[in-house]
Every structure is written in C-alpha cells, then in structure tokens.
Amino acid sequence: MRLGTQQGVGVVTNPYVIPPPLDGQPSCWACFGLRKLRRTYTGNALWVRRTSDNVEVEVGFDSSGEVSMDSPIADVTEFTTSPSSSGDHGGTATLAGFSSSTDVHVVKWLDQSGNDRDVYNTTGAQQPKLISSGSFVTDPLNFDGTDDWFTSASRLDNSNDRQTVLAVVKKDTGTGSMGLVSCMDNWNDGSELNAYLNYWIYRLNGSDLYNTSGGVAQISNTSKELVVASYTPAESSNEQKLRVNGSLILQQNCTENLDVGSKFLAIGKRLSTSTLYEWNGGISEVIIWQEALTSAQLSYVEKNVMDHHNI
Amino acid sequence: MSLFLKFDTLDGAENRSKELWVALLERPVSPDAFTTSLYSFQPASEESGGSYLIIDDDGDLLSEEEKLRLDSQETYDAWCIANTPRDD
C-alpha cells in the first residue's frame, strides 16, 4: 500500500505519476513529506521506531518516490561508525518486514530541502504514529492531540520577513488551539499557523489573520486540506494571506517584522515551551519558504499537492 | 486519561522519564538510538515551579511511592495555568 492518493496503482514504469512539487520551484527553507518533494533529494524520508522492541531505522522512498510498505529501510548509522551495532531489524529490507504487526512511530521527519533542518522528538510518548498494528494509520503522520509533536534545532531568519508556509493536513475533531507549524518566541513574537476553535489562524508577531464567523476559514474534520499562509511585505496592502485548497480565504494588511527570538521550528504544537496546544489529526506534508512565491509558482505547487493528495 | 507526577526541580521529570525509558528497554539506550525518554515532561517557567511527568499509560513502571502521589488532570491544569505560558 502506498500513502497518499495513488493507493492501489502499484509500481509504475514512470517513477513519478505526479512529479515532486518543488522541481523547478524556488528553494525552500525546509520541507517534509511522505513522498519525494525534490527529485534531486537523495536522502531518506523518515527515522522510525517500532514499539515491539524499540529498534530505530531510517525509511527511504519506494521506486515511485513514496513512503510505502515497499520502502527500503536502513540501520541508523548517523551516530556510529559501526552500522551493525545500531540494532537488529531481523534482516528485513522493507518497511513491511520491519513493522510486521507492530506499531511504528516517527522519531525524525527528515528535511528534504538540503538544509538539514530535520524535525524530531526524543520522547517516545510524543512521537507521531505512522503504522498501527502493521498497517498505515489513516492520514499519516498521526498526531494524537495529547502530546505528539516535533521540535528542531532550526529557527527562521529574523532578517527576512518573507514567508510562505504550506501544509497538508486532516484535522480531527476538537475546538481547542492546535499548533500546526510554528516558530515563536512568545505569543506575540514569531510566526504560527494553527487551528483555533476549529478555524484557521495565521499569526505573525501578533498580527492575527482569522475569521471565526461565516465559515470561510472553518477547518474540515472529514477531509484533507491544503492550507497556505503567506506574508509578502513587498506588497502595498493585504500582505498577510491564508489560502485553503487553492483558494484565497482571508487577507489583511500587515507590516510586522518577524521576530522568532531564540525559539525553534515546531510542527504539531504552538509553543515549544508548553505541553499544551498539540495538533490532533494527520500532517502529511509541510513546506516552508522564507520567500514570497509568485502567483504562478504558488499555483503550480498547490495544484501538484492537491493532485497528489486528491484534494 | 493521563496521570501526572510532580517533581520539585525543573529537570526532575525529564530525568525520571529517561530512567523509565531505560527500564522499559531493559537494556542501555543504544548509542545510535534517538529516543531517550519515555513520557512527556513539562518544566515550569521558574525554578520554584518544579516539573511534571505526564503518564499516558497505566504507569506500570512507576514505583509504588510514585503511584501513591500521582496527581489528577485538574491539579495539573491548575499548575499549568500558574507555571507555564498560556494564550487561548
């Protein structure tokens, strides 16, 4: 089984039915996915842990450029010169063999941008789930809404206010505040895209773009959504925008300067210093640019992502 | 329903979470492994607030003494309001 929309298609001659979305597009600051997002990316997709014996391995892409049960796995060798000491995965060469009938959690979501901005969690209880009892969870990666999230050792560059944040999610029910992508020093400094009362909100240094009436920014609890938050300070008005499934839903004037302080990027939580506000549901893809994409560039990426995820 | 265990120091909950991970593994943590702790932990903003270990299972690995002093969700929520940043 392959993740995303092409389940059942199987391995095809053309390795990419839908090409990686970032080919030919502006370089991103960081990007995470369950498919190859750049054709030239040569690394793996994930670092995972199975719960039966807590062995950790890296997971690559299958021949179609996706994470699937056919994905190759490799011993974790990042911290050792002796690969054979990194754990015994029983000679299994694919994710299917490694996972068997156990649960598999994601330890690290590997950055495909080439900038080494991996996101991770070193606490077992906080690692999102990829596989449950040997089968992929619905809408992976699944964040449990209680304590699952990723942190990082990277922060956005305060000297560059431009940004575009894209995410593919399927939010489960719940009306509390749930962080999706954030890099915040405190509630009024930094950037965050999150759910508030089941509505999208994009906050940039306390400039809050949201609308909890009328339903235009209401989040689906039944379908995957593509959400894009962007800040384009070079524009003369409506610099701050929110788009869902390829359509502009909210915009407003904003003249803020990004100030993330010393805090790091987080995925699945609003503020890295609190155990509150974790995402509840699936997060499948996250792409972050510290750039303002042109309309044509953004349209291309949005169409690619929606085609791939059947949005 | 999670259970909550209070520690007097900022790093008390984190250190106990790491001990419990080793106890679960029943072996030392592999030098290659990235996972180093079992449960979530929440330090307070100030030293005097201590920290909390958040137990999201039945807590079998806890000592009997620890099981006797587990706090409720309500107690933990009140501690969070007083000791961690919030913004609804």
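## Basis and confidence

This is a predicted model: local features need pLDDT of at least 70, side-chain atom pairs count only at pLDDT 80 or more, and totals for chains, interfaces and linings use all residues. Residues are numbered from 1 along each chain as its sequence is written, chains are lettered from A and ligands numbered from 1 in the order written, and side-chain values use heavy atoms, without hydrogens and water.

Chain A averages a pLDDT of 89 (the predictor's confidence in each residue, from 0 to 100). In chain A, 89% of the residues score at least 70. Residues 4–12 of chain A stay under 50. Residues 78–86 of chain A also stay under 50. Where pLDDT is low, the predicted coordinates should not be read in detail.

## Helix H2 of chain A

H2 spans residues 295–309 of chain A (helices are DSSP runs of H or I, at least four residues; strands are E runs, at least two; both are numbered from the N terminus). Its buried residues include Leu298(A), Val301(A) and Met306(A) (buried: under 20% relative accessible area, 1.4 Å probe, protein chains only). The buried residues of H2(A) pack against strands E11, E16, E17 and E20 of chain A. Just after H2(A), Asn310(A) takes a positive phi of about 55°.

## Interface of chains A and B

The contact takes 26 residues from chain B and 33 residues from chain A (contact: heavy atoms within 4.5 Å). Between the chains, the count of salt bridges is zero (side-chain nitrogen of Lys or Arg within 4 Å of a carboxyl oxygen of Asp or Glu). Helix H1 (12–25) and strand E2 (40–43) of chain B each give two or more residues to the side that touches chain A.

Methods. The expected span of a helix is 1.5 Å times one less than its number of residues. Buried means under 20% relative accessible area, exposed over 50%, partly exposed in between (1.4 Å probe, protein chains only).
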